[in-house]
Amino acid sequence: MEQKVQKVKNATEPKRPLLKNTFQAFMAGGAICMVAQVFIEIFQELFDLEKELANNISVAIMVFLGALLTGLGVYDKIGQYAGAGTIVPITGFANSMTSSAIESKSEGLVQGVIVNMFKLAGSVIVTGVVSAFVVGSLMYFYGALFG
Amino acid sequence: MKVGKQSFDYKNVYLHNSAVVVGPTENEGPLSELFDFHYDKLDCKQKSWEQAEMQLYRNAFNICLNKNNLEVKDIDIVIGGDLNNQIIIGNYVMRDYDVPTIGLFDACATSVAGMIVSGNMIDAKNIDNAIVAISSHYGTSEKQYRYPVEYGGQKPESSTFTVTAGTSAFFSKEKSKIKLTKATVGRVIDAKINDPLDLGRAMAPAAFYTIKQHFLDFNTSPNDYDLIITGDLSYYGSKMLIDLFTEDNIDIANVHKDAGMLIYDRDRQEVFSGGSGTGCLPAVLYSLIRKQMLDGELKKVLVVATGALLNPIIMSQKETIPGIAHAVVLERM
Amino acid sequence: MSLVYAFLIGGAICGIGQILMDKFKLLPVHITSLFVFLGAVLNIGDIYDKLIEVGGAGASLPISSFGHSLVHAALEEANEVGYIGIATGVLEMTSAGITAAIVFAFFAALIFKPRS
């Protein structure tokens, strides 16, 4: 019995449309990054701001758009099409926080929204800071030793 | 009376009137004319998904009482179930009703588990009647098992769409046109599938073994039934079930249908491989199948509810997803 | 031209994420964690800085740039004040993004309701 089940299980494995999904992720992710680039250009060329400041403002705008589209119920529809194209950009970070916060609204401001906001997005901060600590330390001590 | 290894037969259990209350997606599906009531928004005019599911449960319970001309005091027992932690939905609704209740959980197989418990109690003449009340809700399900509804993640084609429905069915020893005649209690079956976005296939082996045991216990075969309806195997799970039987040289394809594929129109609605959830099977059973039986189109139906026995914590521990399937037979008198 | 590079590089990074998700059945959290880690690692030899020079937002918008910014800021501070700078400086460059996300998510939760 067991073997038969495994045989049918392997035969009926649903295939994910890799090419189609990758193409869609590429197009959507590229478009989102292009929008951010437009903002950077505007702030650098039009407002004559420094590169780093222009970048920070652009990131803040993209985060705002991510939160707004999530609240309007549009981001998840784009996400179904785009896959990684909406998860990888920083808008995905904003979406994970906003969607968790909105969902937990029914549990109130403190126990709902505030407690649950980082439920999905916390991973980015933890992985980031831990990686930065390790890599940063390694690079710092390498630099100090071999300078 | 126990029959064979895992089954029972009943002499005096009948299905009477039932109620199905659904959400917007179900109302946009092919069975919309057959439901008792629907809500246009997923929140069912309530403040949370959980309150919304309670509203569906409550509405279905009340409509069921009305359709059977009953008051709460006429009911001997309510057997209820849903997918939420601690089966909180039914328990909270039943606060307002003065009637003995038992909550059950067998994931999406709960509806038939409830029918079996009720059937056994009625047939043993311990009670005269029972209501089996089952609900599920897209919002509560996503919140508990997966991601926030607004999250931008991508669901693969094998995903299923939790049905938003409250259902209630009245069973009693009084005669009616539809009789609950047999039951087969399933075993927990683990086919080592570990993808919570592919639950239909995780449950198919459980359905296979239960149906097979049912055939063995009662010495029947697929063509003894006008319909074998499974709960929420949906597209991929159904294919796997049919293939499992084909490996055994048994052909169930021409009598098999799946509730998850009947409640939605997969071509028109964005429901991936079909419907699932505790409410999926009863929503279809008490609307479409009951009507087809009363109209005489179907005389003998094998109803097989399937459940995926997982929770998010255990999945993070790299566990696989076992399934369970319970079956009952309904016959037109 | 910078718009084209942003599109191509950003799209490519997302495309790689999609391939990993579909081929290895990974979850979104695996992808974001991996990319943040890689962004941190690619600080070695200033690889990620070069990527940003070429790709602009195509490299600075994906979550990998988060890892890069964290290491970059940590090292900058450490080179100025000593090793403790790793801790005092790490979140400096990403502060805008994190603050914006928290504030906007909070207000969005006050204003919007979940819908299906």
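This is a predicted model: local features need pLDDT of at least 70, side-chain atom pairs count only at pLDDT 80 or more; totals for chains, interfaces and linings use all residues.
Residues are numbered from 1 along each chain as its sequence is written, and chains are lettered from A and ligands numbered from 1 in the order in which they are written. The model scores ipTM 0.93 and pTM 0.94. For chain C the average pLDDT is 94, with 99% of the residues scoring at least 70; pLDDT is the predictor's confidence in each residue, from 0 to 100.

The contact between chains A and C draws on 61 residues of chain A and 60 residues of chain C. On the chain A side, at least two residues each come from helix 2 (18-46), helix 3 (51-71), helix 5 (84-87), helix 6 (90-103) and helix 8 (122-146), helices being DSSP runs of H or I with at least four residues and strands runs of E with at least two, numbered from the N terminus. Helix 2 of chain A gives the largest share of that side, 17 residues, and by class the side divides into 36 nonpolar, 21 polar and four charged residues.

One residue of chain A to look at here is A:Val113, which lies in helix 7 (residues 109-116) of chain A. A:Val113 counts as buried because it has 22 C-beta neighbours inside 10 Å; a residue is buried if 20 or more other C-beta atoms lie within 10 Å of its own, exposed if 12 or fewer, and partly exposed in between, with C-beta atoms placed from the backbone. Apart from neighbours within four places in sequence, A:Val113 is in contact with A:Ala101, A:Ser104 and A:Lys105, and also with C:Phe106 and C:Ala109 of chain C. A:Ile78, by comparison, is 35 residues from A:Val113 in sequence and 24 Å away in space, C-alpha to C-alpha.

Chain B contains ten helices and 15 strands, and its C-alpha atoms fill a box of roughly 50 × 50 × 35 Å along the principal axes. A compact globule of 333 residues would have a radius of gyration near 20 Å, and the 18 Å of chain B agrees with this; the radius is taken over C-alpha atoms, and the globule rule is 2.2 Å times the number of residues to the power 0.38. Of the 333 residues of chain B, 60% count as buried, and among its contacts between residues at least 6 apart in sequence, 79% join residues at least 24 apart.

The domain assignment divides chain B into domain 1 (10-172) and domain 2 (178-332), with bounds that come from an automatic or database domain assignment. The centres of the two domains, taken over C-alpha atoms, are 18 Å apart, and their contact takes 48 residues from domain 1 and 54 residues from domain 2. Among the elements that give two or more residues to the domain 1 side are strand 3 (14-22), helix 4 (110-123) and strand 7 (129-136) of chain B, and helix 4 provides the largest share, seven residues. That side has 26 nonpolar, 16 polar and six charged residues.

In the loop between strand 6 (101-103) and helix 4 of chain B is B:Ala107, which counts as buried because 26 C-beta neighbours lie inside 10 Å. Not counting residues up to four places away in sequence, B:Ala107 touches B:Leu83, B:Gly307, B:Ala308 and B:Leu309. B:Ala107 and B:Ala305 are 198 residues apart in sequence, yet 9.5 Å apart in space, C-alpha to C-alpha.

Helix 7 (residues 234-247) of chain B has 14 residues and reaches 20 Å from its first C-alpha to its last, close to the 20 Å expected at 1.5 Å a residue, the expected span being 1.5 Å times one less than the number of residues. Eleven of the 14 residues of this helix are buried, so helix 7 of chain B is largely enclosed by the rest of the structure. The cover over its buried residues includes helix 1 (2-11) of chain A as well as helix 6 (199-218) and strand 11 (227-230) of chain B. After helix 7 of chain B comes B:Asn249, whose phi is positive, near 60°.

Note on methods:
Two residues are in contact if their C-beta atoms, placed from the backbone, lie within 7 Å. Ala, Val, Leu, Ile, Met, Phe, Trp, Tyr, Cys and Pro count as nonpolar, Asp, Glu, Lys and Arg as charged, and the others, Gly among them, as polar.
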